[in-house]
Amino acid sequence: MKAKNILFLVPAAVLLSVSCNQKNALPPPLPPTPVNVAEAKVADAVYYDQFQGTVVAINTVELRSEVSGFITGIFFKDGDLVPKGKELYEVDRRKYEAAYQQAEANLQSANANLVKAQKDIDRYNMLLQNDAVARQTVDQAQAAFETAKAQVSVAKAGVLSAKTDLSYSLITAPFSGRIGISQVKLGTQVSPGTTLLNTISAENPMGVDVVIDEQDIDRFYRFQKSGTDSTFKLNLSDGTTYSRPGKILAIDRGVASGTGTIKVRIQFPNDGNVLKDGMSCVLNVLNSQSGQRVQIPYKAITEQMGEFFVFVSQDTIAKQRKVKLGPRIGSNVVVVSGVEAGDKVITEGFQRLRDGGKITLGNPAQQGPAKAAK
């Protein structure tokens with residue numbers, strides 16, 4: 001019986017001895033990870049939202065003839081700057097001058113008939129006082145006088161119409177601006193209101209049209225009331241920044257039902273004639289969150305599944321925090337939430353960290369992979 005017990009205890013002792021040896025062979029815990037940290041600080045953050053824009057002439061008009069005829073004169077060079085009132089095109093004026101002269105003659109004739117009618121009625125009224133003429137004759141004279149007055153009014157309207165047609169035969173610049181390339185040549189036949197002659201545009205100031213979401217409407221109305229010069233800046237297609245600030249000229253009357261967007265026009269001075277109608281550009285709009293904001297080095301950010309995180313040093317422990325980011329400011333980034341001013345964020349060495357891992361301040365670049373203890 002004792003022999004059996006002895007035989008049973010021998011395997012158990014062997015197992016216990018092996019278990020103890022395995023426990024003693026486990027590697028020691030890893031040393032703290034060396035990291036570098038930077039303090040989250042509140043700093044001035046001025047940044048802009050970007051909108052694709054198009055330069056447009058605020059004042060532009062298509063030139064079309066109001067009368068029919070053939071072009072008999074062109075008095076400018078394509079692309080010229082023309083002053084207001086400058087003669088640009090002439091439509092054959094001969095028949096309009098003749099019509100005007102005929103209208104003037106008709107007016108003279110009507111005035112002469114009116115004078116005769118006035119004299120007749122004055123004479124008949126005198127005779128009527130002496131009972132030397134019938135009352136009916138006086139009434140007929142009175143009617144002839146009123147008819148003559150009406151004919152004078154008709155003749156005056158004819159003169160005005162003929163004079164207007166004559167003036168339309170000479171097309172002038174409605175305002176000072178730059179005229180484009182002529183769409184017609186000498187001898188071209190034009191029709192009233194249909195034949196495009198040219199386009200003229202004022203060059204100073206110019207506008208920039210952008211399309212914004214309806215969620216931004218209130219923001220742009222506030223900008224319109226404030227009129228701050230630093231609100232709007234312009235980047236041109238060649239990468240340069242336009243030197244003059246802009247201001248809101250107009251916000252469209254309503255939101256487009258299909259897209260939920262609305263057009264806004266920003267006015268910019270154009271003294272140097274840099275802005276051209278139709279140019280593409282980028283409008284930079286001052287972000288409403290600009291000001292004193294918490295910033296950290298951008299290199300401290302890690303991204304996981306579209307979300308952003310940082311590690312914050314709490315004594316010797318690294319805590320991972322989810323953050324919401326604003327725009328980048330140079331090598332820094334604005335943190336909207338998740339980090340407070342004064343927090344120590346880990347900028348180097350966090351690649352090997354996990355939430356709650358131990359850290360020590362050091363030089364991560366000189367730290368090799370951890371070696372297992374012998």
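## Surface and overall make-up

Accessible areas here come from the Shrake-Rupley method with a 1.4 Å probe. On that basis, the chain exposes about 23100 Å² of surface, and carbon and sulfur atoms account for 52% of that area. Keep in mind that this is a predicted model.

The chain runs to 374 residues, and 33% of them are buried. As for secondary structure, you'll find four helices and 23 strands. Take the contacts between residues at least 6 apart in sequence: 76% of them join residues at least 24 apart.

## The largest nonpolar core

Now for the inside. The largest nonpolar core has 24 residues, and the ones touching the most other members are Phe220, Phe232, Leu234 and Phe268. Quite a list of elements supplies at least two residues each to this core: strand S3 (48-57), strand S12 (206-213), helix H4 (217-226), strand S13 (232-236), strand S14 (247-251), strand S15 (261-268) and strand S16 (280-286). Another core, of 19 residues, lies apart from this one, and its members include Val91, Ile171, Ala173 and Val184.

Leaving out residues up to four places away in sequence, Leu234 touches Val208, Thr240, Thr241, Tyr242, Phe268, Leu275, Cys281, Val282, Leu283 and Asn284. Phe268 is on that list, and Phe268 is also one of the core residues that touch the most other members.

Let's move to strand S1, which covers residues 33-39 and includes Thr33. Is Thr33 buried or exposed? Thr33 has a relative accessible area of 14%, and the cut-off for buried is under 20%, so Thr33 counts as buried.

What does Thr33 touch, once neighbours within four places in sequence are set aside? Its contacts are Gly349, Arg352, Leu353, Lys358, Ile359 and Thr360.

Side chains of opposite charge can pair when their charged atoms come close. This structure holds 12 salt bridges. In one of them, the side chains of Arg219 and Asp49 meet at 2.8 Å, N to O. Because Arg219 belongs to helix H4 and Asp49 to strand S3, this pair ties together parts 170 residues apart in sequence.

How covered are the two partners? Arg219 is buried, at 10% relative accessible area, whereas Asp49 is partly exposed, at 23%.

Arg64 is partly exposed, with a relative accessible area of 31%. Glu62 is partly exposed too, with a value of 44%.

Then there's Asp120 with Lys116, a salt bridge whose closest N and O atoms are 3.0 Å apart. Why are these two separated by about one helical turn? Because Asp120 and Lys116 sit four residues apart in helix H2, which spans residues 94-129. Asp120 is buried, at 17% relative accessible area, while Lys116 counts as exposed, at 51%.

Key:
Residues are numbered from 1 along each chain as its sequence is written. This is a predicted model: local features need pLDDT of at least 70, side-chain atom pairs count only at pLDDT 80 or more; totals for chains, interfaces and linings use all residues. Side-chain values use heavy atoms; hydrogens and water are left out. Buried means under 20% relative accessible area, exposed over 50%, partly exposed in between (1.4 Å probe, protein chains only). Contact means heavy atoms within 4.5 Å. A nonpolar core is a set of buried Ala, Val, Leu, Ile, Met, Phe, Trp, Tyr and Cys residues joined through side-chain atoms within 4.5 Å. A salt bridge is a side-chain nitrogen of Lys or Arg within 4 Å of a carboxyl oxygen of Asp or Glu.
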